Amino acid sequence: MSKIVQGNFQILANKKVGVDYFKMEVGAPSVVKQARPGQFVHVRCRNSIEPLLRRPFSFHRLKRSSFEILYKVIGQGTNLLAKKRKGDKIDILGPLGNGFQLSSINYQLSTILVAGGMGVAPLLALAEAGVGKRSCPVLIGARTKREVLCAKDFKKLGAKVRIATDDGSLGYRGLVTDLLKKLLLSTKNCQLSTIYACGPKPMLQEITRLAKNFRIPAYGSLEENMACGVGACLGCAIKTKQGYKQVCKDGPVFNLQEIQC
Ligand SMILES: Cc1cc2nc3c(=O)[nH]c(=O)nc-3n(C[C@H](O)[C@H](O)[C@H](O)COP(=O)(O)OP(=O)(O)OC[C@H]3O[C@@H](n4cnc5c(N)ncnc54)[C@H](O)[C@@H]3O)c2cc1C
Ligand code: FES
């Protein structure tokens, strides 16, 4: 289990990378030391009572002594984050959660990464940990071309990137899960594949259904509203076949067949 660190760390960069998207790099050697893809940090967006709750963000990139998060500005917390400047300090709690079990990934077998919207954030860290270098398929879904993120980063690793947009402005017109179904139907011995996914609930539900039909394992990184982030408040409980689990402590990565929703 990773040792959880809490402290003020220096922001090394905080750049706008899309319409409402920012990438922040934080120098935090003690946090990254034991961190792995799929884990997350719980961030205090301002050093005051408001907003009281920290906000969770997945590791997008894990470097030797720093990490990056990729975030979308949507509400109070992320608006405050977007105003931070290089050199500012930020209060970080992490690494939290289970993360992807890298030791259980069989690199001889095919891995398929499926990202919906901001779901690219943890999957790039997973690809950089070695999965993407096996020229694995990476399927990215977004509403429009402007919301397609990280395609170049995955390509640089050697991954075979395919894109689906709802409006057809880039790549396949339709859902990323349609692309996944086509891929599985066209793959010989697709039962030898494993799916790693992150994205909105309906996307993960469809992946669960496809994985069951094609009899392949599928792991997904789930998002739930969080308060404490460390398993103390039960605010992020979800129902699984083994009873209730906490997304912050038992997840956020789950075997999708175990989730009951
Ligand atoms: C494990 C995990 C990883 C994530 N990784 C990423 C990522 O890499 N990139 C990204 O863009 N997003 C990520 N998210 C989503 C991200 O945490 C939210 O987008 C972010 O919290 C929005 O904060 P906000 O203040 O801007 O939005 P708001 O809509 O203002 O606030 C939403 C959050 O505030 C809290 N909150 C607000 N009001 C209440 C209330 N009354 N009661 C309880 N809780 C309340 C909740 O925790 C909720 O999550 C992740 C979420 C999880 C769970
Ligand atoms: S956020 Fe408190 S238990 Fe998960």
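The following legends describe close-up views of a predicted model.

Figure 1. An open sheet of 7 strands is arranged in the order 4-3-7-1-2-6-5, and its pairing is antiparallel. Strand 4 and strand 5 (61–62) form the edges, each pairing on one side only. Strand 1 and strand 7 (residues 89–96) pair in the antiparallel sense through 6 bridges. Within this pairing, Phe 9 has Ile 90 of strand 7 as its bridge partner.

**Figure 2. Strand 2 and its two neighbours.** Strand 1 (residues 5–16) and strand 2 run antiparallel and are joined by 6 bridges. The two strands form a hairpin, with 4 residues between them. Ala 13 has Glu 25 in strand 2 as its bridge partner. Strand 2 also runs antiparallel to strand 6 (residues 66–72), to which 7 bridges join it. Here the bridge partner of Val 26 is Phe 67 in strand 6.

**Figure 3. Side-chain directions and burial in strand 2.** Tyr 21, Lys 23, Glu 25 and Gly 27 point one way from strand 2, while Phe 22, Met 24 and Val 26 point the other way. Residues on both sides are buried. Because 7 of the 7 residues of strand 2 (residues 21–27) are buried, the strand is largely enclosed by the rest of the structure.

Figure 4. Strand 10 (residues 160–165) and strand 11 run parallel and are joined by 2 bridges. Thr 165 stands opposite Arg 173 in strand 11.

**Figure 5. Surroundings of ligand 1.** Ligand 1 is surrounded by 21 residues, of which Arg 55, Pro 56, Leu 70, Gly 77 and Thr 78 are the closest. A side-chain N or O atom of Thr 78 lies 2.4 Å from an oxygen atom of ligand 1. A backbone N or O atom of Met 226 is 2.9 Å from an oxygen atom of the ligand. For a polar backbone atom of Gln 76, the distance to an oxygen atom of ligand 1 is 3.4 Å. On its own, ligand 1 has 950 Å² of accessible area, and the protein covers 72% of this.

**Figure 6. The salt bridge between Glu 128 and Arg 61.** Side chains of opposite charge can pair when their charged atoms come close. A search of the whole structure finds 9 salt bridges. In one of them, Glu 128 pairs with Arg 61, and the closest N and O atoms are 2.8 Å apart. Glu 128 lies in helix 3 (residues 120–131) and Arg 61 in strand 5, so the pair ties together parts that are 67 residues apart in sequence. Glu 128 is partly exposed, with a relative accessible area of 26%, whereas Arg 61 is buried at 16%. Both residues belong to a network of salt bridges that links Glu 25, Arg 61, Lys 63, Glu 68, Glu 128 and Asp 153.

**Figure 7. Two further salt bridges.** Glu 224 forms a salt bridge with Lys 201, in which the closest N and O atoms are 3.0 Å apart. This pair links distant parts of the chain, 23 residues apart: Glu 224 is in the loop between strand 13 (218–221) and strand 14 (237–240), and Lys 201 is in helix 6 (residues 201–214). Glu 224 is partly exposed, with a relative accessible area of 25%. The side chains of Glu 147 and Arg 143 also meet in a salt bridge, with an N to O distance of 3.2 Å. Glu 147 is buried, its relative accessible area being 18%.

**Figure 8. A nonpolar patch on the surface.** Ile 49, Leu 52 and Leu 53 form this patch and together have about 330 Å² of accessible area. Ile 49 is located in the loop that lies between strand 3 (40–44) and strand 4 (55–58). With a relative accessibility of 65%, Ile 49 counts as exposed, because the term applies over 50% relative accessible area.

How values were computed
Residues numbered from 1 in each chain as written. Chains lettered and ligands numbered in written order. Predicted model: local features only at pLDDT ≥ 70, side-chain atom pairs only at ≥ 80, totals over all residues. Heavy atoms only, no water. Patch = residues over 30% accessible without salt bridge, like charges linked within 9 Å, V, L, I, M, F, W, Y side chains within 5 Å. Areas by Shrake-Rupley, 256 points an atom, 1.4 Å probe, with all protein chains shown as cover. Salt bridge = Lys/Arg side-chain N within 4 Å of Asp/Glu carboxyl O. Buried < 20%, exposed > 50% of the residue type's maximum accessible area, 1.4 Å probe, protein only. Near = heavy atom within 4 Å. Polar contact = N/O pair within 3.5 Å; in protein donor to acceptor, adjacent residues only side chain to side chain. Pairing = 2+ DSSP bridges.
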